[in-house]
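How do you get from a value to a word such as "buried"?

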Amino acid sequence: MSLLAPLGILGRFVLQVLAATGRVSLFAFSAVGHMLRPPFYAREFGIALLNVGWLSLPVVGLTALFTGGALALQIYSGGARFNAEAVVPQIVAIGMVRELGPVLVGLMIAARVTSSIAAEIATMKVTEQIDALVTLSTDPMKYLVAPRVLAALIVVPGLVAIGDVIGIFGGYMVATGSLGFNQAAYLANTVNFLEARDIVSSLVKGCAFGGIAALMGCYFGMHSGRGAQGVGRATKGSVEAAAVLILAANFLLTGVFFSL
Amino acid sequence: MITLDKVCKRFDDNAVLRGVDLTIAKGSSMVIIGGSGTGKSVMLKCILGLVTPDSGTITVDGEDVTRAERDALLARFGMLFQGGALFDSLPVWQNVAFRLLRGALARPRDEARAIAIEKLRRVGLKPDVADRFPAELSGGMQKRVGLARAIAAEPEIIFFDEPTTGLDPIMAGVINDLIREIVSEMGATALTITHDMSSVRAIADHVAMLHDGVIQWTGPVSGMDQSGDPYVTQFISGSAVGPIEAVR
Ligand SMILES: Nc1ncnc2c1ncn2[C@@H]1O[C@H](COP(=O)(O)OP(=O)(O)O)[C@@H](O)[C@H]1O
Ligand SMILES: [Mg+2]
């Protein structure tokens, strides 16, 4: 009996993970279904676009700028050990576009957007606003979830593209400003080195991470427990889940794009 | 007509409803009384399908609510939630006109706004609150906005969950009259939850008392004072002595 106890715990854990995966998948399918079928709530969608996209620009821009700059410094000092300082533009470009741009933007969106969606929807749930929506013949999946997820799917790839460009620009500033790189040569090296695959992977990751971030916010919000504590738990859980899933999805997508 | 037949609902180990039987006639005003936490709000939510009963059946005009077409059914209902449940991202008038701005009952924005302002007037709110946000209003004002929203689309069946709680006595009187008016003039069916005995006398055709998960007593409001039911008598008199334990 005592020997089997750990197995029981493991079994229960696996079952719980499977059940949660099933619930989240069903929720995601339902969200997509509601995105495709009318009625569509244009105003909600517009507000979501504004919140997820436009208002995220400052934090995305600053994150990318500093990271691109730091990346240039690291590659320069690391490369100097085997006389490879010259690769700074290429590695900054690849590092930003393939990995850091999408991942950092995804994590920033998880911090900014997932948390605010989860807290807002969870508050609506505990104050019976979700019930009120239903009694007013409005499906919360359509009115709250679909516009937010759709907005994130559309706008986060754009944010990633902007983050990539700003990150490269950060590297360029550091490299040309204090590491003695020639400006025109730096840009030429960057542009010539990047392939279409790099850029496509970046945008696909942006789309996936945006979808994960918004879905987790909505899922945890809609399943919030009661009271202020419920809202707090939902918000915390949503950001944790979004961050971990974004990093896992990044690993998978990197495998799909670059190991074949 | 709304009927509940042996409706049971429990949350984990808390058996809230334990076989509720109740009939509400079309065009009448039923008031539910009972101590707080006895499951009155849960009962309303069961009828609306917001909470699924564990067992028992609920029908509206003979149609089982769990099998009915949800949208068509809900379009006939208006509901005032106990906490107001206003959408805090929308200004007051858009809360009131929510149904009139989208979906099957949609109409032009100006018209919807005019109706919203008229309904706000009926619950004693001035037109200048229309453009404020719910969070800027006092609790009693929020309650009245919720009431205006419940009646905005002129539903056939209206549920009021504690409509006068948190209002001053004069405003409570206004709301009581309004509910009475909606029933007698518009022919609506009303189901009201309240603790306020003056409200009960002003609104009710029939009264039902929920206690220990069942309807302890139901009858016409005129029979309430001579009900002979110890629970009802204690509740009306507000006495601490009686079958209802005052210290729980
Ligand atoms: N969603 C829920 N989950 C768990 N318990 C609930 C839920 N809704 C209500 N309850 C419990 O049901 C009981 C009755 O609640 P309620 O119907 O709100 O009482 P009241 O008669 O004051 O309106 C309370 O004990 C409450 O804690
Ligand atoms: Mg209640």
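A helix here is a DSSP run of H or I with at least four residues, and helices are numbered from the N terminus. The model is predicted.

Q: What makes the place of A118(A) a helix?
A: A118(A) lies in α4 of chain A, residues 88–126. A helix needs a run of at least four residues.

Q: How many helices and strands does chain A have?
A: Chain A has 9 helices and 0 strands. From the N terminus on, its elements read α-α-α-α-α-α-α-α-α.

Q: Why is A118(A) called buried?
A: Its relative accessibility is 0%. Buried means under 20%. A118(A) is therefore buried.

Q: Which residues does A118(A) touch, not counting those up to four places away in sequence?
A: They are G217(A), G221(A), A234(A), T235(A) and S238(A). Contact means heavy atoms within 4.5 Å. As for R197(A), its C-alpha is 34 Å from that of A118(A), and the two are 79 residues apart in sequence.

Q: Is E128(A) buried or exposed?
A: E128(A) has 17% relative accessibility. The cut-off for buried is under 20%. So E128(A) counts as buried. E128(A) sits in the loop between α4 and α5 of chain A. Its phi is near 65°, a positive value in a residue other than glycine.

Q: Is K6(B) buried or exposed?
A: K6(B) has a relative accessible area of 52%. Exposed means over 50%. K6(B) is therefore exposed. K6(B) belongs to strand β1 of chain B, residues 2–11. Phi of K6(B) is near 50°, also a positive value in a residue other than glycine.

Q: What makes Q234(B) buried?
A: Q234(B) has a relative accessible area of 8%. That is under 20%, so Q234(B) is buried. Q234(B) is found in helix α9 of chain B, residues 230–237. Leaving aside neighbours within four places in sequence, its contacts include S239(B), P243(B) and I244(B).

Q: How do you know that the peptide bond from P38(A) to P39(A) is cis?
A: Look at omega: it is near 0°. P39(A) is placed in the loop between α1 (5–36) and α2 (42–52) of chain A.

Q: Where does ligand 1 lie?
A: Ligand 1 lies between chains A and B. There are 13 residues around the ligand, and G37(B), G39(B), K40(B), S41(B) and V42(B) come nearest.

Q: What share of chain A counts as buried?
A: Of its 260 residues, 47% do. Chain A exposes about 12700 Å², and carbon and sulfur atoms supply 73% of that area.

Key. Residues are numbered from 1 along each chain as its sequence is written. Chains are lettered from A and ligands numbered from 1 in the order in which they are written. This is a predicted model: local features need pLDDT of at least 70, side-chain atom pairs count only at pLDDT 80 or more; totals for chains, interfaces and linings use all residues. Side-chain values use heavy atoms; hydrogens and water are left out. Helices (H or I, at least four residues) and strands (E, at least two) are DSSP runs, numbered from the N terminus. Buried means under 20% relative accessible area, exposed over 50%, partly exposed in between (1.4 Å probe, protein chains only). Accessible areas come from the Shrake-Rupley method with a 1.4 Å probe; for residues, only the protein chains shown count as cover. A residue is near a molecule or strand if one of its heavy atoms lies within 4 Å of it.
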